Amino acid sequence: MELTINNVSKTYKKGGRKALDSFSLNLTPGVYGLLGPNGAGKSTLMNIITDNLKADGGSITLNGTDILTMGKNFRDILGYMPQQQGLYEDFTAKRFLWYFAALRGLPKERAKERIEYVLDLVNLKDDGNKKLGSFSGGMKQRILIAQALLNDPKVLILDEPTAGLDPKERVRIRNFISEISLDKVVILATHVVSDVEYIAKELIFIKEGRLLLQGTPAEVMEQYSDKVWQLHVKPESLSEIQQNYLVSNIVGEKSGEICVKVVSDICPAEFRGVSAPTTLEDIYLYLFHENKGE
Ligand code: ADP
């Protein structure tokens, strides 16, 4: 299975800036982490893939066929988890799923079977008759994922699936997504690097509507392995460092000095910087730093 995004562009009438600019991407089963700051174009891309928004140009194909031509056949294999907003608080979990099954046109028998199945899958089997208003943030995220899985989709789009979750719930959702991704193209949009660091087959960095960088987490780390430096300095040097460098971390040390991690093309030799291991968060900072002077 191959989902291909070919030169997709979109400019909203209001504002006039290109939200997507000749964006191209080739996706096969596995998790793709779509990373970018607010306004990068992630939602625009997801709205176009889910046919909630028309592109100005370009096309999206599944195994070579335009998804707009496929119409219902594409919607039948598409699952979409939008961001959490106004979640039918008075509905029970089961009623919520029945509602979405009806919207998707699932026959009654199949809906019944799938609702039981997805409730079990997201570990909410015993909570089916509880109202969504009484659910924790993690349970709400899980019921939204369950809704997206009702039709056993082959293309699954998840918009910030771990937003607002505590670390334990975050890890649980992450592992869960990884488990179900084997036979699906999963696009997971987030601005939290740790959401996708360990489960993504590839990372897609998007900036100002363009594809900035694409690769496996290991490839991305390798490409930027020489940009992170560690400095041990007196606290009074910190403001000078912050003026001149992009600081990714600051830790006070027992000695009274501070350990500063900076992301920079060149070694801050004046502060006796030494090369330090790169994290994806450092790379995110490097790529999306506002004043990088590109
Ligand atoms: P992200 O999801 O990465 O935060 P978006 O796709 O929402 O990015 O936004 C991309 C760009 O398009 C931004 O400049 C944003 O202001 C603009 N934009 C998004 N939605 C609309 C809209 N409905 N009308 C006008 N401009 C929009």
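## Basis

The model is predicted, with local features needing pLDDT of at least 70 and side-chain atom pairs counting only at pLDDT 80 or more, while totals for chains, interfaces and linings use all residues. Residues are numbered from 1 along each chain as its sequence is written, and side-chain values use heavy atoms, leaving out hydrogens and water.

## Domains

The protein is assigned domain 1 (3-221) and domain 2 (224-288); such bounds come from an automatic or database domain assignment. Taken over C-alpha atoms, the domain centres lie 35 Å apart. Domain 1 gives 15 residues to the contact and domain 2 gives 10, where contact means heavy atoms within 4.5 Å.

## Buried area

Between them, domain 1 and domain 2 bury about 1,100 Å², with 76% of this on carbon and sulfur atoms. Buried area is the accessible area (1.4 Å probe) that two parts lose on being put together, summed over both. Of the area that domain 1 buries against domain 2, 46% is supplied by Val193, Phe205 and Met221, more than by any other three residues.

On the side of domain 1 that touches domain 2, two or more residues each come from strand S9 (202-207), strand S10 (210-215) and helix H9 (217-223). Helices (H or I, at least four residues) and strands (E, at least two) are DSSP runs, numbered from the N terminus. S9 gives the largest share, four residues.
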